[in-house]
Amino acid sequence: MLALAGAALAGPAPGTLRYCNARFGFCVTLPTDLVASPEPANGDGREFRQPRGLVVTVSGINNVLSTSLEREQQERSGDFDAIDHHARGRDWFLLSGSRGSEALLLKAYIGEGSIQGLRLRLPLAEAERRRPQLQAIAASFRPGDLSASH
């Protein structure tokens, strides 16, 4: 069902699979009912869609503009109409809230060489009921080497 060329997969728990990006090295654990989009030619990430409206996008870019954690968080805040939760660590931030009729969660890791991110979107009506699933996906997202360009 999920044809993931260029990705390493292993089933860490029943009903889930692990997607790892060959170019940037980030990994995330996802529900098995997600359908993957074709991998882009540059191998920078992937989008996954679930029949019930969940869209998961994982991607990486080289940090050619030397963007800081603070600047990236400020810029990504503009993706939201309302932010109801935020968290931050040494090299990452997480924002969750809404934009229009969708719930939105964004987690990003920023390093000297690259920026690697996870974006979750789903209908607002589904967000509260599926909060544990969204939190599990966000918690599973781990970056590859942030110090190098890829």
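**Entry 1: Glu128 and its partner**

I looked up Glu128 and found this residue exposed, with a relative accessible area of 53%; exposed means over 50%, buried under 20% and partly exposed in between, with a 1.4 Å probe and protein chains only. Glu128 forms a salt bridge with Arg131, and their closest N and O atoms lie 2.6 Å apart. I counted as a salt bridge a side-chain nitrogen of Lys or Arg within 4 Å of a carboxyl oxygen of Asp or Glu. Arg131 itself is partly exposed, at 38% relative accessibility. I also noted one network, in which salt bridges that share partners join Glu72, Arg76, Asp79 and Arg119.

**Entry 2: Basis of the entries**

The model is predicted, and local features need pLDDT of at least 70, side-chain atom pairs count only at pLDDT 80 or more, while totals for chains, interfaces and linings use all residues. Residues are numbered from 1 along each chain as its sequence is written, and side-chain values use heavy atoms, with hydrogens and water left out.

**Entry 3: Other salt bridges**

How many salt bridges does a search of the whole structure find? I recorded twelve. One of them pairs Arg121 with Glu102, with 3.4 Å between the closest N and O atoms. Because Arg121 belongs to strand E10 and Glu102 to strand E9, this pair ties together parts that are 19 residues apart in sequence. Helices (H or I, at least four residues) and strands (E, at least two) are DSSP runs, numbered from the N terminus. Glu102 is partly exposed, at 31% relative accessibility. I then turned to Arg130, whose side chain meets that of Glu126 in a salt bridge (3.9 Å, N to O). Arg130 is buried, with a relative accessible area of 4%.

**Entry 4: Nonpolar cores**

I searched for nonpolar cores, that is, sets of buried Ala, Val, Leu, Ile, Met, Phe, Trp, Tyr and Cys residues joined through side-chain atoms within 4.5 Å. The largest has 25 residues, and Leu30, Val56, Val58 and Leu118 touch the most other members. Elements that each supply at least two residues of this core include strand E3 (27-31), strand E6 (55-62), strand E10 (114-123) and helix H3 (131-140). Apart from this core lies another, of nine residues, among them Phe93, Leu95, Ala108 and Ile110. For Val56, I listed contacts (heavy atoms within 4.5 Å). Leaving aside neighbours within four places in sequence, the partners of Val56 include Leu30, Phe48, Leu118 and Leu120.

**Entry 5: The largest pocket**

I looked for pockets on a 1 Å grid over the protein atoms alone: a pocket is an open set of points where a 1.4 Å probe fits, with protein on both sides within 12 Å along at least five of seven lines, and lining residues have an atom within 4 Å of a point. The largest pocket has a volume of about 350 Å³. Of its 18 lining residues, Asp84, Ser96, Leu105, Arg131 and Leu134 are the closest to its centre. The lining of the largest pocket divides into ten nonpolar, five polar and three charged residues.

Ser96 lies in strand E8 and is buried, with a relative accessible area of 11%. Not counting residues up to four places away in sequence, Ser96 touches residues including Phe80, Asp84, His85 and Leu105.

**Entry 6: The second largest pocket**

The second largest pocket holds about 210 Å³ of space. I noted 14 lining residues, with Ser59, Glu72, Arg76, Leu106 and Gly117 the closest to the centre. Which element gives the most to the lining of the second largest pocket? E10 does, with five residues.

Note on methods:
Points joined across faces, edges and corners; volume = space filled by probe spheres on them. Nonpolar A, V, L, I, M, F, W, Y, C, P; charged D, E, K, R; others polar.
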